[in-house]
Each structure stands twice: as C-alpha cells, then as structure tokens.
Amino acid sequence: MSELKNDRFLRALLREPVDRTPVWMMRQAGRYLPEYKATRAQAGDFMSLCKNAELACEVTIQPLERFPLDAAILFSDILTIPDAMGLGLYFETGEGPRFKKVLRTEKDVADLPIANTEADLDYVLKAVSTIRRELNGRVPLIGFSGSPWTLATYMVEGGSSKDFRHVKAMMYDTPEVMHELLNKLALSVIDYLNAQIKAGAQAVQIFDTWGGSLSDVAYREFSLKY
C-alpha cells in the first residue's frame, strides 16, 4: 500500500487503525452528474461507455473531483458476465437491462458456457488497468461483480422483475437445474474477480440481493453457498 497517497480504505479492510472511517458511495459513478451525462452522450450508449476504457476511466474518476472520497469503484455493470455467456445484454429505454436470450429450461442451462474473462471481458480488464494508471496512487480501486444468485435472477427472468416468478419456479421445481446454473456462475465470478485483481483492482466486492419473501434456508442454499 506504500504507493498510495490515501490508503485509509485498504487499512480499514485489513482491520488496521485509521484516522477516520473511510467513505465511498454505492452509486459513486454519479450517473446524475452533468459531466457523467456528457461523457455518456459522447460514448453513444451505456454499453459503449462500459467498453471504452478511456471513457470508463473518466467517469470512474469524475466523483473524486467533486468529493474527498477514499476509494474509486470501477465503472461497469454487474450484467457483463451474463453478456459474456452469450445472453445478449441490451438496455431498453425506461425499462432497464434486458437479455435477448433467457434461461428457462434444463437444456438452456446445460448449453450455457462458463464465462472466459480474458477473451470476452477484456474491455473490463483494460478499464481496470487504465483507471489504476490514471489514479496514480490517489486512492485504491474497487472492482466488483454481481453474486451468482443475483446474476441468475436476471438471466432467468430476462431482466429486472417485481415478483421473480420464473426464478422461483426454477429454484423450487427444478433445484438441480438452478444449482447447475449457480455453479457455472460461481466459476465465472471467480475467474472475473481474479482477473480484475490481476489487472490492478486493490479490493473487490460482490453485490448480492435476496428477495424478502424467500426463506433463510433457501438463502443459505441458493445464494450464500455460492
């Protein structure tokens, strides 16, 4: 950590003494900021912004110019992994992320490849290395991924959902299929996060969500386990 001008965040993660509690924001990309909107307009669309290492670096650093934050977080999206697995991610205006292909059957899951980060998510790794270079030790960089369960909900539903009807049906009616999907996703997430670390991420986070109507037992089996 010696090259860092501000290592407060990493020291806190290591449970070392810090002068104050470090701060970073979950929505740190600042998608409401005028400078972000200008950069996104320059990119053309959201995924083009994610896939342009220089522009992804720019929007990662923009919030640091406004606020005295203790870490930067990679600008990307949790659904890059399903996209790399062949589901065809796109964004519908007013509806959020959608997939051209959804997973509903045992065959759908059996045919699903494990994501190859080096081959199919190289643009994320380029963004990580570019951001690290431009930060120049200013603050550490956080990488991230969605959890296997969270990714699975999008892949089975085809996008965001209010009732998660399809993913609940798969979990309860064909749990073996859900476990196969979650295992493939866990392997993909492992590869993805290790590649981000290799590219320069100094900490990584897994974003996990769990519906309140689902039991603690199901959470331990289908989310926490993976």
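## Contacts of Pro22

Not counting residues up to four places away in sequence, Pro22 touches Arg8, Phe9, Ala12 and Asp70. The model is a predicted one. Pro22 lies in the loop between α1 and α2. Along the chain, Pro22 and Leu151 are 129 residues apart, and their C-alpha atoms are separated by 29 Å.

## Helices α2 and α4

Two packed helices are described by the angle between their axes and the distance between the axes. Helix α2 spans residues 34–43 and helix α4 spans residues 53–66. Their axes come within 10 Å and cross at roughly 170°. Angles over 145 degrees count as roughly antiparallel, so α2 is roughly antiparallel to α4.

On the α2 side, the contact is made by Pro34, Glu35, Tyr36, Thr39, Gln42 and Ala43. On the α4 side, these residues meet Leu55, Glu58, Val59, Gln62 and Arg66. By type, the residues of this contact divide into 5 nonpolar, 3 polar and 3 charged.

## The largest nonpolar core

The largest nonpolar core has 66 residues. Within this core, Ile81, Met155, Met178 and Leu181 touch the most other members. Helix α11, residues 175–199, supplies the largest share of the core, with 8 residues.

Which residues is Ile81 in contact with, leaving aside its neighbours within four places in sequence? They are Ala115, Leu121, Ser145, Leu151, Leu185, Ser188, Val189 and Tyr192. Leu151, in contact with Ile81, is also the residue whose C-alpha atom is separated by 29 Å from that of Pro22.

## Positive phi values

Most residues other than glycine have a negative phi, and most peptide bonds are trans. Arg15 has a positive phi, near 60°, and Asn136 has a positive phi, near 50°.

Definitions and conventions
Residues numbered from 1 in each chain as written. Predicted model: local features only at pLDDT ≥ 70, side-chain atom pairs only at ≥ 80, totals over all residues. Heavy atoms only, no water. Axes fitted to C-alpha atoms, helices over the stretch in contact; angles between N-to-C directions. Helix = DSSP H or I, 4+ residues; strand = E, 2+ residues; numbered from the N terminus. Parallel < 35°, antiparallel > 145°, perpendicular 65-115°, else oblique. Contact = heavy atoms within 4.5 Å. Nonpolar A, V, L, I, M, F, W, Y, C, P; charged D, E, K, R; others polar. Core = buried A, V, L, I, M, F, W, Y, C linked by side-chain atoms within 4.5 Å. Buried < 20%, exposed > 50% of the residue type's maximum accessible area, 1.4 Å probe, protein only.
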